[in-house]
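Dear colleague,

Please find below the structure that I am handing over to you. My findings follow directly after it.

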Amino acid sequence: MATHACPFRVGDRVVFSPSERTLGLYQDIDRFGIKVGEQYTVMEIRDGTYLYFENGAGGWPWNEFQAAPGHED
């Protein structure tokens with residue numbers, strides 16, 4: 001789990017970039033409504049950690065994402 005504060009805010013564009021560990025745990029990530037390398041708009045952040053998106057997918061910790069190109073602070 002993330003030990004730093006979430007750097008993202010609602011409305012930010014992010015790219016799903018999961019760790020090797022996550023890829024090993026969830027061999028068929030697409031079933032969760034999210035694809036590696038795809039961009040998503042953050043619609044909600046729960047508990048300061050878990051991101052939820054416009055397509056209804058969510059619950060992934062923020063540290064599995066990077067700012068989308070052109071959306072870095």
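Ring pairs join Phe16, Tyr26, Phe32, Tyr40, Phe53, Trp60 and Phe65 into a cluster. Rings of Phe, Tyr and Trp (its six-membered ring) pair if their centres lie within 6.5 Å; planes under 30 degrees apart are stacked, over 60 edge-to-face, and the rest tilted. Please note that this is a predicted model, in which local features need pLDDT of at least 70 and side-chain atom pairs count only at pLDDT 80 or more, while totals for chains, interfaces and linings use all residues. Residues are numbered from 1 along each chain as its sequence is written, and side-chain values use heavy atoms, with hydrogens and water left out.

Seven aromatic pairs were found in a search of the whole structure. In one of them, the ring centres of Tyr26 and Phe32 are 5.4 Å apart with planes at 85°, so this pair is edge-to-face. Tyr26 is partly exposed at a relative accessible area of 35%, and Phe32 is partly exposed at 43% (buried means under 20% relative accessible area, exposed over 50%, partly exposed in between, with a 1.4 Å probe and protein chains only). The rings of Tyr40 and Phe53 have centres 5.3 Å apart and planes at 45°, so that pair is tilted. Because Tyr40 lies in strand 2 (residues 39-46) and Phe53 in strand 3 (residues 50-53), the pair ties together parts 13 residues apart in sequence. Strands here are DSSP runs (E, at least two residues), numbered from the N terminus. Both Tyr40 and Phe53 are buried.

The strands form an open sheet of five, in the order 4-3-2-1-5, with antiparallel pairing (two strands pair if DSSP finds at least two bridges between them). Strand 4 (58-61) and strand 5 (65-67) stand at the edges with a single partner strand each, so one side of each has no neighbour in the sheet. Strand 1 (residues 13-16) runs antiparallel to strand 5, and three bridges join them; Val14 has Ala67 in strand 5 as its bridge partner.

Finally, Glu44 is located in strand 2 and is partly exposed, with 33% relative accessibility. Leaving aside residues up to four places away in sequence, Glu44 touches Val10, Tyr50, Leu51 and Tyr52 (contact means heavy atoms within 4.5 Å). The C-alpha atoms of Glu44 and Trp60 are separated by 11 Å, and the two residues are 16 residues apart along the chain.

Yours sincerely

Definitions and conventions. Helix = DSSP H or I, 4+ residues; strand = E, 2+ residues; numbered from the N terminus.
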